[in-house]
Amino acid sequence: MTSTTTTTSSVTVEVAAHTFKTVYPTEYYARFLDQGIRPDGRKEMETRPSSVVMGTISKANGSALVTLGGTSVVCGIKAEFANPRLDDDKRGWIVPNVMLSPLCSSRFKVGRPSPEAQRLSTFINDVFCSGAVVSEEDMCIIPGKLSWVLYVDVQCLNYDGNVVDACVLAVMAALRDVSLPKVLLPEDTEELEGVPEVDTSVRTPLNIKRTVCACTHALIEEKLMTDPTIDEETLAAASVTIVLDEDGRICAVCQPAPHIPSPTVDTASPLTQTQIEQCIEKSEDVCGLLFHTINTQAAYE
């Protein structure tokens, strides 16, 4: 009898807590912050566990699976022949696309890409398609005639917040995993007609100029939260995503974070310069751990 009473009481408390969280999300969260802890048990600027597995798609030229807490993302890269870029016929090019389907979260619908997916695709394009990460010159096969194009498809498998950091990490790891087959060209390249043959037994990795990672922070109740969950993103008054390379150089700063809509809460306000500096300092630590994870995986592969 005592066991049944205890179980019933426990369930009642859980239901009451869930109801309070649903009806008064800000107050629910504030009670945890008053104790210096977040609802999932983390400290304010603590990240969730992360993992990277490269080479997860056998038919892709490069791939990676990333988990960041409850968020998981897979990236597959397919290399194809194409004409060189119109603005520079001595370079290859990269075409990124981020997909957020109803399979990863009920907040997304079937049909045209959501605003979040469009902003993420644009952000990934800005970070990886400027020529600063991958040597696009080395992707040119015959200047003015033939080059490699990399189709980078990122699919979110489960959405539990901070998908932008997971996407950047997945793309970076997948690029590190890419290997291109040897292209068999005639001695006189002018004689080439159609698509050339390739030797898949001889493969060359991409020329990676620098490795980058992202770290996102959200401002809730005037306190900075690193690696926000989906619930924390909803409550954020401001947010920022910072992209760094292995030397600690800032590659990009996006405020608000590209996957988080402009805040609608009454306390919405941009981060101060001091808060931005705090985020950059924390991002250096977080990205340092992510770089180690990628390098370890690359060495293992």
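User: Strand E9 and strand E11 pair in the antiparallel sense over how many bridges?
Analyst: This is a predicted model, with residues numbered from 1 along each chain as its sequence is written; local features need pLDDT of at least 70, side-chain atom pairs count only at pLDDT 80 or more, and totals for chains, interfaces and linings use all residues. Side-chain values use heavy atoms, leaving out hydrogens and water. Strands (E, at least two residues) and helices (H or I, at least four) are DSSP runs numbered from the N terminus, and two strands pair if DSSP finds at least two bridges between them. E9 covers residues 212-220 and E11 covers residues 238-245; their antiparallel pairing counts eight bridges.

User: Which residue in E11 is the bridge partner of Thr216?
Analyst: E9 spans residues 212-220 and pairs with E11, residues 238-245. The partner of Thr216 in E11 is Thr241.

User: Which strands stand at the edges of the four-stranded open sheet?
Analyst: The strand order is E10-E9-E11-E12, with antiparallel pairing. An edge strand has a single partner, so one of its sides is left without a neighbour in the sheet. That describes E10 (223-226) and E12 (250-254).

User: What does the twist average from one strand to the next?
Analyst: The sheet is open and holds four strands. Angles here run from 0 to 180 degrees between N-to-C directions, with axes as lines fitted to C-alpha atoms, for helices over the stretch in contact. From strand to strand, the twist averages 20°.

User: At about what angle does helix H3 run to E11?
Analyst: H3 takes in residues 115-128. It lies across E9, E11 and E12. Its angle to E11 is about 30°.

User: What span does H3 reach from its first C-alpha to its last?
Analyst: H3 has 14 residues. The expected span of a helix is 1.5 Å times one less than its number of residues. For H3 that expectation is 20 Å, and the model comes close to it at 20 Å.

User: Within what arc do the buried residues of H3 fall?
Analyst: Buried means under 20% relative accessible area, exposed over 50%, and partly exposed in between (1.4 Å probe, protein chains only). In H3 the buried residues are Glu116, Ala117, Leu120, Ser121, Phe123, Ile124, Val127 and Phe128. They line one face of the helix, because seen down its axis they fall within an arc (that of the directions from the helix axis to the C-beta atoms) of 165°.

User: Which residues are exposed on the other side of H3?
Analyst: The buried residues of H3 pack against strand E4 (93-99), helix H4 (163-177), E9, E11 and E12; contact means heavy atoms within 4.5 Å. On the other side of H3, the exposed residues are Pro115 and Asp126.

User: How many residues of H4 are buried?
Analyst: H4 has 15 residues that should span 21 Å, and its end C-alpha atoms agree at 21 Å apart. The helix is mostly covered. Of its 15 residues, the buried ones number 14.

User: Which residue does the side chain of Arg107 meet in a salt bridge?
Analyst: A salt bridge puts a side-chain nitrogen of Lys or Arg within 4 Å of a carboxyl oxygen of Asp or Glu. Arg107 is partly exposed at 36% relative accessible area. The N to O distance is 3.8 Å, and the partner is Glu116.

User: How many residues apart are Glu44 and Lys223?
Analyst: Their side chains form a salt bridge at 3.7 Å, N to O. Glu44 is partly exposed at 24% relative accessibility, and Lys223 is partly exposed at 27%. Glu44 sits in the loop between helix H2 (25-33) and strand E1 (50-54), and Lys223 lies in strand E10; the separation of these distant parts of the chain is 179 residues.

User: How far apart are the closest N and O atoms of Asp247 and Arg249?
Analyst: Asp247 is exposed at 61% relative accessibility. Arg249 is partly exposed at 46%. The two form a salt bridge, and the closest N and O atoms are apart by 3.4 Å.

User: Which residues does Glu137 touch, not counting those up to four places away in sequence?
Analyst: Glu137 is in the loop between H3 and strand E5 (140-142). It counts as partly exposed, at 36% relative accessibility. It touches Lys90, Arg91 and Lys209.
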